[in-house]
Amino acid sequence: KSGGSRMPLTPKYTWEQDEGSVTLTITLTSAAATRNARVECTDAMVKVTCPPYFLQVDLHGDVHEQQSRATLLPGVVSVKVPKQQAGLWPQLQAKGAAAEVKERRVAAIEEKRVRDIALLEDKKEKKRQDGDYVFHKQWDLEKEEKRTIERLAEIHKQKAEQEVYAWADKSEGRENPEEAAAGGSATVDTYFDKQLVEGVRELEDGAADGVVPLPGTYHKKTARTAALGHSASAAPRNEFDLRAEDERFTERQRKEVEERERKAREDEEFREARAEAAAEEEKGRVERAADAVRRAGMKEEERRAEEEEALRVADAKAEAFEAEEAEEEAAREAARAAGAEAPGVVEGGAEEEEAKPAETAKAEEERLMGRRSGASVNRFEAENIAERHRVLGDAYFKAGYVAEARLAEAAAVDAAPWVEERRVFDTPEEAAARRARGEADAAARRAALDAQTIPAPRAAGKVELHFSKGRRSMPARGRIETDEEGALREAE
């Protein structure tokens with residue numbers, strides 16, 4: 001078994017038929033093996049070879065192998081052959097003695113071989129005939145061109161001779177009656193005219209006037225061409241007429257010049273349109289930039305106006321507060337100077353004076369917020385009110401009134417408690433105390449870190465990370481440390 005060849009496998013197949021054809025469908029286990037499949041068909045047999053599969057079917061009846069068709073799909077081979085005689089077969093394979101079936105198969109293979117050889121010879125002969133036809137066709141064209149050129153030269157020569165003879169006869173007072181009667185209608189014969197026109201004129205001994213006639217085979221092959229038809233005419237063919245060629249060349253030049261001018265105009269118009277579009281785009285960009293700058297300036301002016309208004313209100317409140325304190329101080333001084341009865345009067349006046357600034361502050365707040373106090377607002381208006389309170393608090397803080405700034409921040413939180421923004425206003429003493437507490441906390445944390453004992457680093461084992469796609473293994477750290485340990489390691 002180790003030295004012998006393996007037996008081929010017979011693939012699974014199905015077949016179906018109709019009145020005029022038979023279709024075999026062979027199933028292969030590997031889709032890649034289909035590329036190596038080879039299908040052979042004769043009038044009596046269908047053979048499919050696709051290693052390690054082999055299938056040979058001797059058909060029940062004869063088919064047209066030249067009209068057979070094979071279709072190769074992934075894992076499937078389909079063969080369709082038309083029947084020579086229409087009708088349904090009782091079975092696919094031929095029945096009978098093995099020798100008779102083999103003899104029929106061999107005869108069909110030999111008939112196919114003979115038919116293929118004949119087909120190949122027909123192709124070669126057709127190719128040779130096509131080449132021979134092209135060769136002689138080109139030969140005809142060249143001969144016709146030479147004949148036309150020589151005919152033109154002969155015509156020009158005869159015309160010049162006639163002019164010279166006419167001038168000589170006129171100058172000497174003679175007249176040639178024979179030429180005048182002929183009227184210049186003599187046929188122009190050239191060397192190639194005598195070669196191409198066979199049988200029109202008799203040539204003595206086949207070489208009269210030094211003319212060598214072409215072989216008869218040439219005249220037989222060129223009899224279908226237009227060369228013989230034009231050989232007896234004095235007018236040259238259009239494709240060989242130099243004057244017509246000059247006219248066509250001039251026309252082509254004129255058309256080329258017009259086409260170049262048209263393209264140049266189109267290119268110029270395109271460039272102008274593109275330049276206009278670029279200019280319009282630049283103009284629009286400049287206008288948009290100017291509009292953006294103008295809007296930014298307007299917003300900046302509005303912001304400054306709001307800040308100035310807030311500062312003005314804060315200053316007015318501060319001045320009112322200082323005036324109230326001064327009036328209260330003056331009232332208290334007057335009460336202490338007047339005696340025991342004045343305090344009651346002063347206290348009553350003070351209460352009235354305290355009510356007036358509260359009403360004034362409420363009216364000022366309603367004017368600043370743009371709504372009545374206690375009116376219901378939506379979320380957007382509430383956020384705007386909170387923002388105005390915060391702007392007012394910033395103005396108070398800048399003016400040095402920390403208590404009023406804190407009240408404004410509290411009002412902003414009450415107006416829109418869902419807003420996460422919070423502002424803390426500290427006096428200079430509170431800010432200094434806050435900084436001192438922060439520095440003390442930082443010093444305490446550093447002292448606690450210094451007091452800790454640094455553990456000995458553990459031996460880190462080598463960890464391999466395996467990646468796909470050909471990447472090399474990369475070592476990784478075997479231990480993850482905390483931020484404090486990393487800071488201590490860096491300090492060391």
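Let's start at one pair of residues: Cys41 has Val46 of strand 4 as its bridge partner. Strands here are DSSP E runs of at least two residues, helices are H or I runs of at least four, and both are numbered from the N terminus. Before going further, please keep in mind that this is a predicted model, in which local features need pLDDT of at least 70, side-chain atom pairs count only at pLDDT 80 or more, and totals for chains, interfaces and linings use all residues. Residues are numbered from 1 along each chain as its sequence is written, and side-chain values use heavy atoms, leaving out hydrogens and water.

Back to our starting pair. Strand 3 and strand 4 form a hairpin, with three residues between them. Four bridges hold strand 3 to strand 4 (residues 45-50), and the two run antiparallel; two strands count as paired if DSSP finds at least two bridges between them. Elsewhere along this pair, Glu40 lies opposite Lys47 of strand 4. Strands of a sheet pair through backbone hydrogen bonds, either parallel or antiparallel.

Contact means heavy atoms within 4.5 Å, while axes are lines fitted to C-alpha atoms, for helices over the stretch in contact, and angles between N-to-C directions run from 0 to 180 degrees.

Another open sheet has four strands in the order 1-2-7-6, with antiparallel pairing. Its edges are strand 1 (12-17) and strand 6 (69-73), each with a single partner strand, so one side of each is left without a neighbour in the sheet. Neighbouring strands are turned by 15° against each other on average, direction ignored. Within this sheet, seven bridges join strand 2 (residues 21-27) to the antiparallel strand 7 (residues 76-82). Leu24, for instance, has Val79 of strand 7 as its bridge partner.

On to the helices. Helix 8 (residues 379-399) and helix 9 (residues 402-415) have axes that come within 8 Å and cross at roughly 170°. The two are therefore roughly antiparallel, a label given to angles over 145 degrees. Among the residues making the contact are Ile385 and Tyr396 of helix 8 and Val402 and Ala408 of helix 9.

In helix 6 (residues 242-338), Arg262 and Glu266 are four residues apart, and so about one helical turn separates them. Their side chains meet in a salt bridge at 2.5 Å, N to O. The rule asks for a side-chain nitrogen of Lys or Arg within 4 Å of a carboxyl oxygen of Asp or Glu, and it gives 35 salt bridges.

Finally, a word on confidence. The mean pLDDT, the predictor's confidence in each residue from 0 to 100, is 76 for the protein, and 70% of its residues reach 70 or more. Over residues 180-185, pLDDT stays under 50, and the model has two contacts there beyond four places in sequence.

Key. Angles under 35 degrees count as roughly parallel, over 145 as roughly antiparallel, 65 to 115 as roughly perpendicular and the rest as oblique.
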